[in-house]
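Me: I have a structure on my screen and would like to talk through some of its geometry with you. Shall we go through it together?

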Amino acid sequence: MKFAHAPAALPGPLPQWDPQWSRLVTVDTVDGEHTFHVLDTLPALRAAGREPTGTILALHGNPTWSYLWRHLAAATVDAATAVEGGRVWRVIAPDQLEMGYSERLAHDGLPTTHGTGYRRIAERVTDFDAVVTRLLAEAPSGSAGAAPAGAPGAAAEAPAGHPVVTLGHDWGGVLSLTWAARHLDVVDAVISLNTAVQHTGDESLPAPLQAALAGPVLPTSTVLTDLFLRITLGLGQGPIPKEIKDAFSSPYQDAAARRGIGAFVADIPAQETHPSYAELQQLGEDIAGIDVPALLIWGPKDPVFVERYLRDLRTRLPHADIHRFEQASHLVSEDADVSGVVLRWVEERFPGQGSPAAGAAARQPADVTAGAADEPAGASASMTSEAASTADGPASDQAQMIYDALDERAGSRAVASVDMSQRPPQSITWTQLSSVVDGIARGLQQLGLQKGDRVSLLVSPGNNLTAALYAVLKAGGVAVVADAGLGPAGMTRAVKAADPQWIIGQRPGLTLARGAGWPGRRISVTPVDALGRVAFGVETSLTELSRTSATEPIRTPEPDDDAAILFTSGSTGPAKGVVYTHARLGELAAVLQWYFKVRPGTGLVAGFAPFALLGPGIGATSVTPDMSVTKPRTLTAAALADAIIAADCTMVFASPAAYTNVCATASELSEEQRAACANIELVLSAGAPVPLPLMDALAEIFPEAAIHSPYGMTEGLLLTDIDRQGVAAAEAQTRHQGVCVGTPIPRVRFAVAPLDDAGRSGRELLTGEDAVDVLGEFVVSAPHIKAGYDRLWYTDAASKRDELAGLSWHRTNDIGHIDQEGRVWLEGRLQHVLTTAEGPLGPGGVEAVVDRVPGVFRSALVGVGPEGAQVAVVVIEPDAEAPAGSRQKPGLATLELADEVRAAVAEHYSTDIAAVLSSPPFPTDIRHNSKIDRARLAVWADAVLRGEPVGKP
Amino acid sequence: MKVLVTGASGLLGSSVARALVEAGHEVSTLQRRASLVDGAQDHLGSVSDPEVVGLAMAGQDAVIHLAAKVSMAGDPAAFEQVNIEGTRTVLAAAQEAGVHRFVHISSPSVAHSGDSLVGVPAEPANPRTARGEYARTKAHGELLALAADSEAFPVLVLRPHLMWGPGDTQLTERIIERARQGRMPILGSGAALVDTLYVTNAVDAIVAALDAVSEVHGEPLVVTNGQPRPIGEIIERFALAGGAPKPKLRIPVKTALAAGTAVEKVWELGEHDDEPPLTHFLAEQMSTAHWFDQRRTREVLKWEPAVSIDEGMAALAAHYGG
């Protein structure tokens, strides 16, 4: 098959494409002059009166022309015209030769893996060089030397030079990185989406590529038919609109036009004999020399560029920021807001004078009143008082490490931990625990565990998990705690995202790891036989490691080293990994110790898994009651009392679900058990707010105890606190919307980012008097909040965007208000805000009222209708135990129930309830079975209220 | 102000005329039957009769054009006669007479092509997609009114949506009557969200438009209570207020749509002067959402409904002796 030469061309009208962006550029290449079609925003910028002060050089792969970069082109031009004084970014994105609208060369035959005449990697890199060198010269100051802004402080300096940033996707990723590596005198930063640098012989190519490369299939799938193109365009997570698919395919209407796609695929060096193999080895090394800032944006659902290619890139670019769009596939820029991440990242790295990043700190008021109570549990202070100073709280001259308390007690024969679920109950002394932890830590280091290695712990709560966790932390490993509460799919996604080097697990965990093909060296809890070792790839066991003799000291981590990755429950999207450093974990332990007055020897019953883990860290004797920790409702009053007796405990930590069952079984308590309960001084509930009736019932069982319900989240486990008297006082007030979670604990600062009419939280932060009664997103700062999100650069940057008072803040996504007394009232999640004609409305307040209507098990307030004109709809999940006569069928609630709901709401709020719907059981998260998926309920309610058949949410 | 109200023999028209009299305006009316509004001067005749209209228009400052043929079925020519030609005649006469405020009463159905309307603003009227003769001719009439709009002759269009209340025979009375006979069905789940408008709120809004038209004109505004409710709930509450049992009859949507079409066909064959019991249009109205974004309306009219749905239902129950 012969192919004739075809000149470069300009695209016709295409959706989302500005013809101004299209240029034809002729440059000298390895085999003479060729013409390239280039996406270049320079003409558009100049038409808008802007001169570029930064350039992004982008290179496509497959999808196979620069149409891929249209969103980025539009976003950068918009940003350049929208913000006066910000850096103006130009985008230059050539179509590779023989691809897109660039020139087609003459050929005597179809491309093959070892054939000649078609472009190979090396030539493509020089093509790119020729085009961008020519175009960079057009705008002044093409020279580099722009110093990247590492710290926020650098932002205030004058804008540096004219930074040049490369960006690539697919094969264009590796080509652009190669060019960057060889032009570090010009390049100031690099970005890549899904790509692959190196293919080593010991791992087979992903199946889809193997198929495409298989000899005779190659020309058929890529050139003779448009199969390859169509498959690629089918890889999006949502369906890609037909007109967009057509635009991607527009330069490839016939076999001759598609020859370049074949050549592209044929140049993938699958074997060492491939002509490009040596080049690929070389560029792999070159890329590892890139020392400028780097960003990797990844769509993990890509069937071709799978996790191991990201791992390889991370190894070569260990300093790279990473953002994973968990829901995105190969077409990551079609599936996710790639242009948003790119723009934000380059703006943060290279802030312009007067750009938002540079000016934010200066525009905010300098004085902050910390919203903090200044006494331990029970006391409350006015938020507006002068008191709150950061001197309150635990002394912190020296960073506390989470294993310090354990080390301090290494010589103590007292009991450190009791596991009541064992028969007989298993006790372990501080000496024993300390020695086991040290043994495992040494053993891990002897096995080769390096500081920063991630260790996934697939061990159920109890002494084994406690020992493994503290050993990993002490050895400098990063504990990856993906709990069963995420569900198998969520857990798999979480572990894959964290990508641990080690897995410590029991048989169920190891089985899951093997089945899901997780990476990492394997360690079992107890020794496994030879067969098991082979089957699970297990090297050794905790039991064996714990016997490691003390030949050399344990190399312990530094306070700023990562310590642990926990996961959010994932009720508003895929679970996010939350990183804690040792310093922050230490602060958490310190604040728990100080705030709840935990003294050496204090005995606490840990009916809530995270607290069982924290026990040794705060120096408390922790007793795990006989219950299934993953099923809190299995905790009985008698089991709890027995746990109290086992270590003369004075504190009880559990979840509201567990306490509900404790109250329900309180009548079974014996005299001795009752007496033990009377010794309890502190009852702490965690996981969700506790309703007053439950607190009152607990007060009957624990007559001497203060009953507390702190509020927090994975990113900040302890933020506010309220006790029973506080809840009672709040309930007596009808003026306030939402659920009162008390006042901030010492050293926690609260600010409010007010909501606009579209329900979004703005840049402005209010504190002190200004924040009182303003509906907004809570933004918090404390020494014990998260260090960051794991491999979610964009999410992390967004959550930390505030710089008020020079502190580091966390956007919680929780909304509500703070009252005159400094109490925090929760009104829901940011993404659940209703945007009514009267303004934004949080669902939490109305829900709290509706939940108390007889016949209602739980409720959700959702908005239907367009943004800004939504009406409020109450969706209830009926009480399954309601008398038969008042049962609600899915759909419209009965008139009687609707009347009761509206009457209850009207007592507190002026919100008009357009409809009351009764739903089948609510969709909720797996971990808590309580976080309602309001987004799904809203979609369901919208359909029902349009008159569509009543299905399931 | 001297105000001419056309179509003042109906509930809304007479109430508007009465409110204007009470507000101290000099009110004339134009319709075929006596308006029975104390203090208003009646002109009897058809809005499509240029002579009668010209006479009534003489010396007026403002016009509220309510007269229309409202029905779900009937001869297309009869609709055109009143809703298009009548409007054309009234507009011409008003311009001729130097009227400088013109409030045209239209209907949300002029912009409704049959799909669900969920929180939408007032879309442009479209005679080609409007459903049924009434909506088609009202759409045409609205376009005529808006085309006549100018600085010298400001026109504001109001589209009250599903008006109800004591004395309303068009909707309220019919539903209650059918419910009493056990013939009032709920279509599908009955959850389709619809906007309605309590009658006195409609009157207030039209009076407010008379003020607003000098400031803002040349656009249509849908007028509702701003409290959409599931259609099934509205029907049940009407029935209860009217002392009728709760409707028990439930019909699947598809069945109703098909039946509505069939009934219309049969009705057209016979010599019926009254309304068919079920039309495809009515079935569609009762099974799809149609509610509106009221922000622009309230901003322009500087008006808010004084009577809530609950208060209106209580008044309705009192009216029926409940």
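This is a predicted model: local features need pLDDT of at least 70, side-chain atom pairs count only at pLDDT 80 or more; totals for chains, interfaces and linings use all residues.

Me: At what angle do helix α2 (residues 50-57) of chain B and helix α3 (residues 76-97) of chain B pack, and are they parallel or oblique?
Reply: The axes of α2(B) and α3(B) are 9 Å apart, at an angle of about 40 degrees. An angle under 35 degrees would count as roughly parallel. The two helices are therefore oblique to each other.

Me: In which hand does α2(B) pass α3(B), and how many nonpolar residues are in the contact?
Reply: The crossing of α2(B) past α3(B) is right-handed. From α2(B) come Pro50(B), Val53(B), Gly54(B) and Met57(B), while α3(B) brings Thr89(B), Val90(B), Ala93(B), Ala94(B) and Ala97(B). No charged residue takes part, 2 are polar, and the nonpolar ones number 7.

Me: Let's move to the open sheet of chain A: which are its edge strands?
Reply: This sheet has 7 strands with mixed pairing, in the order β10-β9-β19-β18-β20-β21-β22. From one strand to the next, the twist averages 15 degrees. An edge strand pairs on one side only, and here that describes β10 and β22 (706-708) of chain A.

Me: Which residue of β10(A) stands opposite Asp419(A)?
Reply: Strand β9 (residues 415-419) of chain A pairs with β10 (residues 426-429) in the antiparallel sense, over 4 bridges. A hairpin of 6 residues joins the two strands. Opposite Asp419(A) stands Gln426(A).

Me: And what is the bridge partner of Val418(A) in β19(A)?
Reply: Here β9(A) runs parallel to strand β19 (residues 621-624) of chain A, with 3 bridges between them. As for cover, 5 of the 5 residues of β9(A) are buried. In β19(A), Val418(A) is partnered by Val623(A).

Me: At the other end of the strand order, which residue of β22(A) is the bridge partner of Leu684(A)?
Reply: Strand β21 (residues 682-685) of chain A is joined to β22(A) by 3 bridges, in the parallel sense. The partner of Leu684(A) there is His708(A).

Me: At about what angle to β18(A) does helix α24 (residues 637-646) of chain A run?
Reply: Helix α24(A) lies across several strands of chain A, namely β9, β18 (603-606), β19 and β20 (651-654). Relative to β18(A), its direction is at about 150 degrees.

Me: Finally, how many nonpolar residues are on the side of chain A that touches chain B?
Reply: The contact involves 20 residues of chain A and 23 residues of chain B. On the chain A side, β36 (891-892), α31 (895-908), β37 (913-918) and α32 (934-946) each supply at least two residues. That side has 2 charged residues and 4 polar ones, and its nonpolar residues number 14.

How values were computed: Residues are numbered from 1 along each chain as its sequence is written. Chains are lettered from A and ligands numbered from 1 in the order in which they are written. A residue is buried if 20 or more other C-beta atoms lie within 10 Å of its own, exposed if 12 or fewer, and partly exposed in between; C-beta atoms are placed from the backbone. Two strands pair if DSSP finds at least two bridges between them. Two residues are in contact if their C-beta atoms, placed from the backbone, lie within 7 Å. Ala, Val, Leu, Ile, Met, Phe, Trp, Tyr, Cys and Pro count as nonpolar, Asp, Glu, Lys and Arg as charged, and the others, Gly among them, as polar. Axes are lines fitted to C-alpha atoms, for helices over the stretch in contact, and angles run from 0 to 180 degrees between N-to-C directions. Angles under 35 degrees count as roughly parallel, over 145 as roughly antiparallel, 65 to 115 as roughly perpendicular and the rest as oblique. A crossing is left-handed if the near helix is turned anticlockwise from the far one by less than a right angle, and right-handed if clockwise.
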